[in-house]
Amino acid sequence: FTAARLLWSRTLVLIMFWTGSARGDPLTVPPLCPAARRGAVVQFKLSDIGEGIMEVTVKEWYVKEGDRVSQFDSICEVQSDKASVTITSRYDGVIRKLYYDVDGTALVGKPLVDIETESGSGDHEEDVVETPAMAREEHTHQEIKGHKTQATPAVRRLAMENNVSPPPPPSWMQVIQNHPINGLPAENPSFSWTRRLAASLGLLHFPILNSSLDEGCQNITYKASHNIGLAMDTSQGLLVPNVKNVQSLSVFEIAQELNRLQTLGAVGQLGQAELSGGTFTLSNIGSIGGTYAKPVILPPEVAIGALGKIQVLPRFDGGGHVTRAHIMKVSWSADHRIIDGATMCRFSNLWREYLENPASMVLDLK
């Protein structure tokens, strides 16, 4: 009996010690191991991707709930009316929740996913840091050991980890001109092929604009083929197919190929054959009411033009009288490492002369 009372007393003391109370408080069992605690769940928000865009469409998820991700891993691809953007992770952890389905509309500043961060990454009640967004075919600038480079976040991380300094980026030059286009109405179906034919004839006089520069900035390659691209607004976003060998095509063949590319773009069937191999690009921003822009060169090309809408504006003629003039603003961008402003302006003036005097184009055709 004495032994039983002693055993019961020790058991009662053990229970009191375990619960921290001798007054019958509810039993609360602490974690057996601190390492077993789950990390903080972070709401990972969609960042502001610029251009005043407030919502995007989720086109593809690269992860699902329960997947483990690391920093810089791709999470999803979203698309705005101007670009496709790949969203990358800022954290190491596990995906706990996806907030949108494919083709769902995601809002800037709202959560995309919940990520359970790994222990030691810090306690977060709510993530207020926006996710980095990288537009497809676009780059960000980062200083690496004194050199400005162009690279995606993953490339920047690898470069810094391996003490690599990529070559400096090209410097871009922009020329904007107001061209009076005499004798052409504001809406002319044939004007599209006329612009490309004029550009091809101009490239024969200024072949440096139809070239490419190697990564080491040592060799210039002059392209014999004039594969002139046209920036196209499609259901899949901005695409740039090109008309191959414009310098060898007739007027009718150029018009036929433009119609074919526009038809394929309208039904989303442009393939790699149509999208690759471009050497020079003209972007018709005037088709959506644009006037001037700062077009971005599509590597490995070295020049691009953005053509504004044709406007009927008052101008003075040679006799000082006010007349109606058809004015089109043209914005040119070129790689300033091999092309100077004077060359770009001379090409632009020649291109304008061809448009104002189509008969001169016929004389220069081979």
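Me: In which helix is Val 362 found?
Reply: This is a predicted model, in which local features need pLDDT of at least 70, side-chain atom pairs count only at pLDDT 80 or more, and totals for chains, interfaces and linings use all residues. Residues are numbered from 1 along each chain as its sequence is written, and side-chain values use heavy atoms, with hydrogens and water left out. Helices are DSSP runs of H or I with at least four residues, numbered from the N terminus. The run at residues 358–364 holds Val 362 and is helix α7.

Me: Is Val 362 buried or exposed?
Reply: Buried means under 20% relative accessible area, exposed over 50%, and partly exposed in between, with a 1.4 Å probe and protein chains only. Because its relative accessible area is 57%, Val 362 is exposed.

Me: Which residue in β19 is the bridge partner of Ser 283?
Reply: Strand β19 (residues 303–316) pairs with β18 in the parallel sense, over four bridges. In β19, the partner of Ser 283 is Ala 306.

Me: Within what arc do the buried residues of α4 fall?
Reply: The buried residues of α4 include Ile 254, Leu 258 and Leu 261. They line one face of the helix, because, seen down the axis of α4, they fall within an arc (of the directions from the helix axis to the C-beta atoms) of 130°.

Conventions
Helix = DSSP H or I, 4+ residues; strand = E, 2+ residues; numbered from the N terminus. Pairing = 2+ DSSP bridges.
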